[in-house]
Amino acid sequence: MALKIPNKKTPIAEQKPEERIHNFKEVVFGYSLEEAITEANRCLQCANHPCVAGCPVGIDIPGFILALREKDLKKSIKILKDYNNLPAVCGRVCPQETQCEGVCTVSLIKDHEPVAIGKLERFVADWAAEHEGVEEPPKEVEEKEKGKVAVIGAGPAGLTVAADLAKRGYSVTIFEALHAPGGVLMYGIPEFRLPKTIVEREVKAIEELGVKLETDVVVGKTITIEEIRKEFDAIFIGTGAGTPRFMNVPGTNLNGVYSASEFLTRINLMHGYEFPDYDTPLRIGKRVVVVGAGNVAMDASRSALRLGAEKSMIVYRRSEKEMPARIEEYHHAVEEGIEFHWLTNPVEYIGDENGNVKAVKCIKMKLGEPDASGRRRPLPIEGSEFTIEADMVIEAIGQTSNKVLLSAFPELKLNKRGYIEADPETGKTSVEGVYAGGDIVTGAATVILAMGAGKKSAQAIDEYISSKKKK
Ligand code: FAD
Ligand code: SF4
Ligand code: SF4
């Protein structure tokens, strides 16, 4: 192909590693208008645009990029918002390399990187928010007479279903257990990757569509599912997978051993990083070991470093190749000096005479045949045990379903893994009029997959209520 486009993505400004390890400010600064247009010019506007199929909410990617190229930011944000209610969030945290950018035609040209679709999406969303008059105020549908829908959980799945149904003329109420909406976007992902003002801004836009948000309401405790079923025509459950899993090795109960869920919630939702302005004290070790190598592990290790750890280490039982974290986050972690121990698994946490953790006993691993996940199975190497000195351990080995609602709703059929059984195309569950999507159906996954599930369920709920009302 004799195409003349720069082979690399337009570089983006970032905070220097030596500075950012001392603060929680966002690492990536974002493009200027000129840089965004330079990057937009790398898009070939290809007729088959595979990027669109690679996006779980099917954004018209060539459309929003073309409008940006023509400096029509009004049109560009309108296109984005027609498909995605959280573009500034997705532009920052989507695993673009395996979604839209993973199939971009430009990456098929020898030695070429794909178009930086995520960074452009983030640019357009931020520009529209920062420049008055670029984005039309959301049109609230005045007569919300099509029906009443309850959404349980204000994470990406619940917010998407709520926004899409409000746009279609439904009266929607979201019930959220925590005091702040956003789900993992608020309590899990740290400020240096996703500033909370960005989440608040996009949630506010959803509320402006007429969506009612009731926070501090735990469905199954504060209010029963029966009460909700009596009042609403349909229900969507998007309660997520926030219950931590543990290694269950000896020493788990020692002081200084945490789950990443607790550690990150204290930092993000409870503003622990702003102590003493916020009353959430945190005890940070000098030598921190984080177990796991997904996004959660990267977030925990990088947060520990910012909070004063002298050494922050990651131990992972597989190799770098199998690491589930986003590649950008891994690169940032390496730049910041996080130390990686690949093919290493903890077998015991060793305590001192006061019950505080002082070391992690590990064993070296090797990779065997592929397991059910398709990744090569890690096997311990006998006699290879060694210890790492550590006064804090954070386990980030995965989460499972949030249980409160599930135990209060026994009619709801669950699968063998304890998640809600729901049709992948509609979110329909075993109970009529009840739909579900996001992590509570798939297990811990991604923001955009949860949003894609929310979109499909909005369509299905619309069809369900419309046909019921016709009868
Ligand atoms: P959640 O975001 O978990 O939201 C569920 C909501 O339901 C919560 O607010 C919860 O409080 C509420 N709830 C639960 N039970 C009840 C109840 N009984 N009553 C009322 N409300 C209830 N994905 C990416 O794509 N990119 C990333 O970079 C990334 N990083 C991550 C980092 C961390 C630390 C974590 C934990 C996850 C990360 N993920 C990332 C995964 C992603 O955030 C999730 O897949 C996504 O948030 C799932 O959305 P959800 O709407 O299904 O659930
Ligand atoms: Fe790509 Fe995610 Fe944006 Fe879709 S929402 S275009 S997958 S970055
Ligand atoms: Fe542009 Fe890449 Fe999408 Fe083609 S696949 S339209 S080059 S972003």
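Q: Hi! At what angle do α7 and helix α10 pack?
A: Hello! The angle is about 75 degrees, and the axes of α7 and α10 (residues 196-207) are 12 Å apart. That makes α7 roughly perpendicular to α10. Angles of 65 to 115 degrees count as roughly perpendicular, those under 35 as roughly parallel, those over 145 as roughly antiparallel, and the rest as oblique. Axes here are lines fitted to C-alpha atoms, for helices over the stretch in contact, with angles from 0 to 180 degrees between N-to-C directions. The helices are DSSP runs (H or I, at least four residues), numbered from the N terminus.

Q: Before we go on, what kind of model is this?
A: This is a predicted model, where local features need pLDDT of at least 70 and side-chain atom pairs count only at pLDDT 80 or more, while totals for chains, interfaces and linings use all residues. Residues are numbered from 1 along each chain as its sequence is written, chains are lettered from A and ligands numbered from 1 in the order in which they are written, and side-chain values use heavy atoms, leaving out hydrogens and water.

Q: Back to helices: at roughly how many degrees do the axes of α4 and α7 cross?
A: Roughly 55 degrees, with the axes of α4 (residues 61-69) and α7 (residues 117-130) coming within 11 Å. That makes α4 oblique to α7.

Q: Which residues in α4 and α7 meet?
A: I61, F64, I65 and L68 of α4 meet I117, L120, E121, F123 and V124 of α7, where contact means heavy atoms within 4.5 Å. By class, eight of the residues in this contact are nonpolar, none polar and one charged. Ala, Val, Leu, Ile, Met, Phe, Trp, Tyr, Cys and Pro count as nonpolar, Asp, Glu, Lys and Arg as charged, and the others, Gly among them, as polar.

Q: Switching to ligands, which residues surround ligand 3?
A: C43, L44, C46, H49, P50, C51, P62, C104, T105, V106 and I117, each with a heavy atom within 4 Å of the ligand. Nine are nonpolar, two polar and none charged.

Q: And what are the residues around ligand 2?
A: Among them are C55, C90, C94, C100 and E121. The whole shell has eight nonpolar, three polar and one charged residues.

Q: How many residues surround ligand 1?
A: There are 37, and the closest are V93, E176, R193, V219 and D439. A polar backbone atom of V219 is also 2.9 Å from a nitrogen atom of ligand 1.

Definitions and conventions:
Helix = DSSP H or I, 4+ residues; strand = E, 2+ residues; numbered from the N terminus. Polar contact = N/O pair within 3.5 Å; in protein donor to acceptor, adjacent residues only side chain to side chain.
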